[in-house]
Amino acid sequence: MDNVIQFSYVIAAALFIFGLKQLGSPATARRGNMISAVAMLIAIVAALLDQGIVEYQWIAIGFLVGAIIGGLAARLVQMTSMPEMVALFNGFGGMASLLVGWAALAPGSATFTLVTIILSILIGGVTFTGSMIAYGKLSERIGSGAVLFSGQQVVNSLIVLGILGGAVMFCLQPENINWLYLVVALSLVFGVMAVIPIGGADMPVVISLLNSYSGLAACAAGFAVNNNILIVAGALVGASGIILTQIMCKAMNRSLANVLFSGFGSGKTDTTAVEGEIKPITADDAYYILEAASNVAIIPGYGMAVAQAQHVVKELAELLEKNGAEVNFGIHPVAGRMPGHMNVLLAEADVPYDQLLEMDDINPRMENVDVAIVIGANDVVNPAARENEGSPIYGMPVINVDKARTVFVLKRSMASGFAGIENPLFYKDNTRMLFGDAKESISSLVREFS
Amino acid sequence: MIPAEVFLTFILMLTIFLGFELINKVPATLHTPLMSGANAISGITVVGAISLAGTGEQDISNWLGAAAVGLATINVVGGYMVTDRMLAMFKKKES
């Protein structure tokens, strides 16, 4: 029987790999996800065949409760709330790894096992509370700004020292359960401390990093319970999370350390001297300009998600196309609150994915664009990143909307963006500000067309 | 006889490289589904939790295992379903 289980794990691992490969292309992604789900099913069924299991009642209850909660949440969540949903699921995975690591503790464990138990508790705990804080920030249940206080580095260093000390003592005296409790508690605290200094605009990095941690936690738990399918699947997730994290950091031209420790956009004063004046425009006038345009680029940001404007945006794009214009969407890699956030929202509104251009594809075309419509995006279109060496975001690759003939910026008010940086785009000669709720503004444009 | 830990570490090393190769070329459009799909896979912890929850011992390990089964199942079921829901929306332009 043991051989059957082990070979089932081999099949499951192969299917996980194949599924992830298929997830890499839009045409096959859905099938890839299915294949990966089948792999999971095979692994679970194989695990249930284990001869060591004498009682199925708790397993069944766990399955039932988990499936109902997970299923309902997945069905009911709104697409705009996807980032916090992913954070929440991620946290549960981390907590599960912590519990498995803890439960794997048995008298007379080898030191190697003890080390892996500590690792799964540490990574799982950090993933859990870190994801919960990320969830709180994304759903705005807690303030989404960076939380910084004096002596923060000292406190964090003490926590790390405490974890290290507790871990060493636990490995030396595994029979003293208090060392374990110490590490559990400090790991949970550390997860909170690690995420609070990170501002909302940096959330794409945090989410992908936590995603990576949840995989690594599963991996460590796999070592603790001596199970290779946990190691394989966990490592795959860990690697994918790290790659996404790298892509996000590169898109912001910042190192991972800078994102994690700097408390970006808090307390920094920006010295950009902005010249020119703000030129507001009414929906009426905007309509006349749009009607004459033959090439339109739409650049969405987090504001589109907040206003739930994706459906009217799609409507406007269709009307523009009917009017004979070429319409493209320009998507910055860190627009929104998680990697690919804008793509999901526009997909929900039925915008075909081949109409969404990545930054490097839309920038060379910008000079031929008659009207660039910026919807609730700010820092990712800020020309200061190109022009002003003193700007905190100098060097970050941005979508060069200011090179278009006319730029419409849809914005609620003149408050500066998430990172609190002044945006010279708003003062450029070719920029017109369309103030108001993004959904309202676009709806009135749509009404003008029809 | 080479100890099991060495084999497990070996598997880990190879899988990490494989993971990097697999994910490296995923287009930005798919980043969110990729992340939530990977997230669902990280619920694989459920497999480790199952044997701990079924010992019938009524001890702390058993309870922790049962709780882990529940939490990881949320991760697995929710993760796969939400990913599928997202991917169902991705459409190519019909010509």
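Helix 14 of chain A is followed by D350(A), whose phi is positive, near 75°; helices (H or I, at least four residues) and strands (E, at least two) are taken as DSSP runs, numbered from the N terminus. The model is predicted, with local features requiring pLDDT of at least 70 and side-chain atom pairs counted only at pLDDT 80 or more, whereas totals for chains, interfaces and linings use all residues. Residues are numbered from 1 along each chain as its sequence is written, and chains are lettered from A and ligands numbered from 1 in the order in which they are written.

Helix 14 (residues 341-348) of chain A is itself mostly covered, with seven of its eight residues buried. A residue is termed buried if 20 or more other C-beta atoms, placed from the backbone, lie within 10 Å of its own, exposed if 12 or fewer, and partly exposed in between. The buried residues of this helix are H341(A), M342(A), N343(A), V344(A), L345(A), L346(A) and A347(A).

Strand 1 (residues 295-300) of chain A is largely enclosed by the rest of the structure, because five of its six residues are buried. Strands are considered paired if DSSP finds at least two bridges between them. Strand 1 of chain A runs parallel to strand 2 (residues 326-331) of chain A, to which four bridges join it, and A297(A) lies opposite N328(A) of strand 2. Five bridges connect strand 1 of chain A to strand 4 (residues 371-375) of chain A, also in parallel; here I298(A) faces I373(A).

The largest nonpolar core comprises 195 residues, and those with the most contacts inside it are A43(A), V100(A), V183(A), I299(A), V374(A), I375(A) and A68(B). Such a core is a set of buried Ala, Val, Leu, Ile, Met, Phe, Trp, Tyr and Cys residues joined through C-beta atoms within 7 Å. Beyond its neighbours within four places in sequence, A43(A) is in contact (C-beta atoms, placed from the backbone, within 7 Å) with Y9(A), A12(A), I229(A), I44(B) and V47(B).

Between the chains, 98 residues of chain A are in contact with 75 residues of chain B. Helix 9 of chain A supplies the largest share of the side of chain A that touches chain B, 16 residues.

The domain assignment of chain A, automatic or from a database, gives domain 1 (1-76), domain 2 (78-267) and domain 3 (283-449). The centres of domain 1 and domain 3 of chain A, taken over C-alpha atoms, are separated by 41 Å.

Notes. Two residues are in contact if their C-beta atoms, placed from the backbone, lie within 7 Å.
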